[in-house]
Amino acid sequence: MAAIFDWAGVVNYAKRYQVTVPKTQYELPGVTQEVHLGVPVAVPPIWHAVVTAKLAFAPERAALKRAQQRLDGALTELEDIFPLVPAGLLTQVAYGMSYFERFVGHELTDKHMPKATMYEDKTPARWAIIDSIKYPKDPPNLVLEQNDICFHFKSDFKEHIDEAINALFYPGDRLLNGIPVQQTYVGDLFVLTSIRRGFVGRSMPRKMATFHRIPGYDKIPEGAMLFMGFTSSHVHGLAAGCLPSFETVPGYTDAKPNSYFANGCMMHLSHIVMDLDLWYRFSYKERLHRMFNPRRTEAEGTLSPSQAPDTTTYEPDLEQDAANRKVVGHNAQMQFISRVDKDVTTVYGEKVPKGTVVFLRQDFDTIENPFEFSHDTPIDPVPKAGVHFVGMAPSAQFFEKMRLQMDSVELQQKYHLADEDVGFTKMLVTTHRQNYMLPPRSHRCMPLAELL
Ligand code: HEM
């Protein structure tokens, strides 16, 4: 007798897309690369949205376990319809410290949370995810957020994101791509605290700024991927593979490849307003020096200067820039932390040469002021240029150390640098920030709930 044929699985549209599903949430299948004057550049999905929320149910074991199953069903259904590539939809789910403290509890979290080993301070075995601090140049009214959960959706097609947000969070027609779905609605599990939208690439910054008449719009270079003109997705400026994970490069945390949170990392989310008018009062050369370093000599108009390992600025060069040229560049301020300062071998046996970056940025521009929706921050309808900064690092301590360099308070005092000569911090105002745990894909739904 012939075997029973699997009719349900016969028409498999997923086969159109050759996707190797990554273990991490931050690796993005299907993202292509371009070469700009010999320099490799990653082309991220155009459209982005971040949705933050509090969990709407009481912190009880059974409720959390149920929520875990429902979220898993919802994301599985979403990925059944939209393939895991920019032409479909890429979804990341991250968790704030309040999730672990209120819902999982200290004991179980402590057992599995990677501990930072990077710094010798008075509190050994400090969790590798801790709440964000306020940085020295943050404004007094900066909001340190306390969301339980954060979703980041990316796609080349805005409608895919809109449909996913509607289907996940709002009751009503349960259709994705016109197809009826059963499990996607999980809106009753969450009280939304914000929706933040934006874009990157494809000349979008100039197009959007022109459309909304944002001061400085006419100075944004044609083809620029971000408002400030320069490319921020250089292949050599973004951590490759699973480098930002807790366990990958030895020395940042005590996580091992078999740890619960292996293939996860710390994620920082902030919203930054930028003064494009002020920025574009600088000449091209002055902008090049403030973005990269004052030793750069690229031809006028170059938007993607090489970021190869041999261009890395280490501390002695940074000091020399400050002492002799009286200007320090944004990426040079941080590269001695964001990149490895010697050849290393990862726990997975990969050789990583000196000057390789282990920090990953997935930020995008916005014209929201500050968000599309917020439960507690007033929304100003006048559009403003801004960035939703999303960064992935092996620990919050790593991020903190690096981000402090962006303000460079000590260096500025030591060498009497003017505010406008410390990278581009003078042009930025951060309004919101929060640190999150970005778990591995296998634990993206209510991590640790199954162990309660
Ligand atoms: C308006 C906001 C920002 C803009 C426009 C911006 C832009 C850029 C650009 C153009 C580069 C160099 C290109 C590349 O490496 O791909 C860069 C590098 C970098 N940015 Fe930013 N950035 C912003 C905010 C931030 C923030 C908030 C951080 C947080 C710490 C950050 C951390 C870094 C680091 C560490 C590098 C160097 C990576 C490396 O090459 O090792 N940036 N950024």
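## Strand E17 and its surroundings

In strand E17, Val143 finds its bridge partner in His432. Strands here (E, at least two residues) and helices (H or I, at least four) are DSSP runs, numbered from the N terminus. One thing to keep in mind: this is a predicted model, where local features need pLDDT of at least 70, side-chain atom pairs count only at pLDDT 80 or more, and totals for chains, interfaces and linings use all residues. Residues are numbered from 1 along each chain as its sequence is written.

Two strands count as paired if DSSP finds at least two bridges between them. Here are the pairings of E17:

| Partner strand | Residues | Sense | Bridges to E17 |
|---|---|---|---|
| E5 | 143–144 | parallel | two |
| E10 | 265–274 | antiparallel | ten |

Met267 has Tyr436 of E17 as its bridge partner.

In general, nonpolar side chains of soluble globular proteins tend to be buried together.

As for Met274, leaving out residues up to four places away in sequence, its contacts include Phe227, Met228, Trp279, Val387 and Leu428. A contact means that two C-beta atoms, placed from the backbone, lie within 7 Å.

Over in the helices, H9 (residues 330–338) is mostly covered too, with eight of its nine residues buried. Among them are His330, Met334 and Ile337. The buried residues of H9 pack against helices H7 (284–291), H8 (315–325) and H10 (396–407).

Zooming out, the protein has eleven helices and 17 strands. Buried residues make up 46% of its 452 residues. Of the contacts with a separation of 6 or more, 74% are between residues 24 or more positions apart. The C-alpha trace spans about 80 × 50 × 50 Å along its principal axes. The radius of gyration (taken over C-alpha atoms; the globule rule is 2.2 Å times the number of residues to the power 0.38) is 22 Å, which agrees with the value near 22 Å for a compact globule of 452 residues.

Notes. A residue is buried if 20 or more other C-beta atoms lie within 10 Å of its own, exposed if 12 or fewer, and partly exposed in between; C-beta atoms are placed from the backbone.
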